[in-house]
Amino acid sequence: MSGTTQAVQEAVLALRHVGKRFEVDGRPLQVLHDLNLEVAEGEFTVIVGASGCGKSTLLRLLAGLDAAYDGEISVDGRAVRDVGRERGIIFQEHRLFPWLTVADNVALGLAAEAPPAAQVHERVAAMIALVGLQGFERALPHQLSGGMAQRVALARGLIADPRILLLDEPFGALDALTRHQMQDELLAIRERRRTTMLLVTHDVEEAIVLADRIVVLAPRPGRIRRIIDVDLPHPRRRGSYRFHSAREALMEELLLDENAAGEPRRKAAEEIPLQHLQYLW
Ligand SMILES: Nc1ncnc2c1ncn2[C@@H]1O[C@H](COP(=O)(O)OP(=O)(O)OP(=O)(O)O)[C@@H](O)[C@H]1O
Ligand SMILES: [Mg+2]
């Protein structure tokens, strides 16, 4: 990792001075502050940072699901204020429709494109095979495990073949083997289709396996602390010395948050006698 923040040519996605404020309990909460980033076509950007630092909020802005932000977000130079077919998002929770079958949930990813029925059938079948869910086409979401539901959501996000794919911890509920397979598959998709990917993860190893660049966010408010180039060749060997060094370096970067003098941590609920709970809020 070289640790540079060089400008990227041919930016497909650009953020300039992006900020986001919410109102919580009548008071403003600055969640994101002055984010500046350029992402090149086909680039794989991984976003890491402490829980609550604004990663999901950022992906929602990029997807166009929330137009109330400061600064500028643009795709191909056009301001993002709404959802668009060139951008797809896979949410942190699977958000499947409980009354629809696996196949219909996946087919929903094609709603905007509305191709002929035969093509829908073919593409849904191919996606279900890709995520290893053959035989479950007619199952309902409550009949699936958490990891299976997450794979359905992945299939729904991938099927429309967006130019920019936003992924919010997409592999969190998967077992290690499936997780590795899906990481390889994402890289293959990126290679085949030149999809620009922005993926949020808490998994340091996953960040090193996937990223061209890792954006490390610092919390409260969420801001870019560092952008790390990962210049290891593909396929990346997890056991190699260079992989190990990159992982250690990223780990150290993340631990800066833990060690920073912040506000005192609230006691874990189990440490608090029940009779005191009424004073907590
Ligand atoms: N709709 C909302 N209204 C008010 N505050 C919100 C809203 N959505 C998010 N927040 C606040 O914004 C901050 C960032 O939330 P966000 O979900 O983006 O974090 P995150 O980095 O994705 O965390 P995690 O890693 O736990 O998923 C949190 O303090 C959260 O309480
Ligand atoms: Mg989140």
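This is a predicted model: local features need pLDDT of at least 70, side-chain atom pairs count only at pLDDT 80 or more; totals for chains, interfaces and linings use all residues.
**The core**

The largest nonpolar core holds 68 residues, and among these Val-106 and Ile-214 touch the most other members. Helix H4, which covers residues 146-159, gives the core its largest share, eight residues. Two domains each contribute at least three residues to this core: domain 1 (6-86 + 164-260) and domain 2 (99-161). Leaving aside residues up to four places away in sequence, Ile-214 touches Val-46, Val-48, Ala-207, Ile-228, Val-230 and Leu-250.

**Around ligand 1**

The residues around ligand 1 include Phe-22, Val-24, Leu-29 and Val-31. Also in this shell are Ser-51, Gly-52, Cys-53, Gly-54, Lys-55, Ser-56, Thr-57 and Gln-92. By class, the shell divides as follows.

| Class | Residues in the shell around ligand 1 |
|---|---|
| Nonpolar | five residues |
| Polar | six residues |
| Charged | one residue |

Strand S1 (11-24), strand S2 (27-40) and helix H1 (55-63) each supply at least two residues of the shell. The largest share, three residues, comes from H1.

**Helix H1**

Which residues of H1 are buried? They are Lys-55, Leu-58, Leu-59, Leu-61, Leu-62 and Ala-63. Just after H1 comes Gly-64, with a positive phi of about 90°.

Terms used:
Residues are numbered from 1 along each chain as its sequence is written. Chains are lettered from A and ligands numbered from 1 in the order in which they are written. A nonpolar core is a set of buried Ala, Val, Leu, Ile, Met, Phe, Trp, Tyr and Cys residues joined through C-beta atoms within 7 Å. A residue is buried if 20 or more other C-beta atoms lie within 10 Å of its own, exposed if 12 or fewer, and partly exposed in between; C-beta atoms are placed from the backbone. Helices (H or I, at least four residues) and strands (E, at least two) are DSSP runs, numbered from the N terminus. Domain bounds come from an automatic or database domain assignment. Two residues are in contact if their C-beta atoms, placed from the backbone, lie within 7 Å. A residue is near a molecule or strand if its C-beta atom, placed from the backbone, lies within 6 Å of it. Ala, Val, Leu, Ile, Met, Phe, Trp, Tyr, Cys and Pro count as nonpolar, Asp, Glu, Lys and Arg as charged, and the others, Gly among them, as polar.
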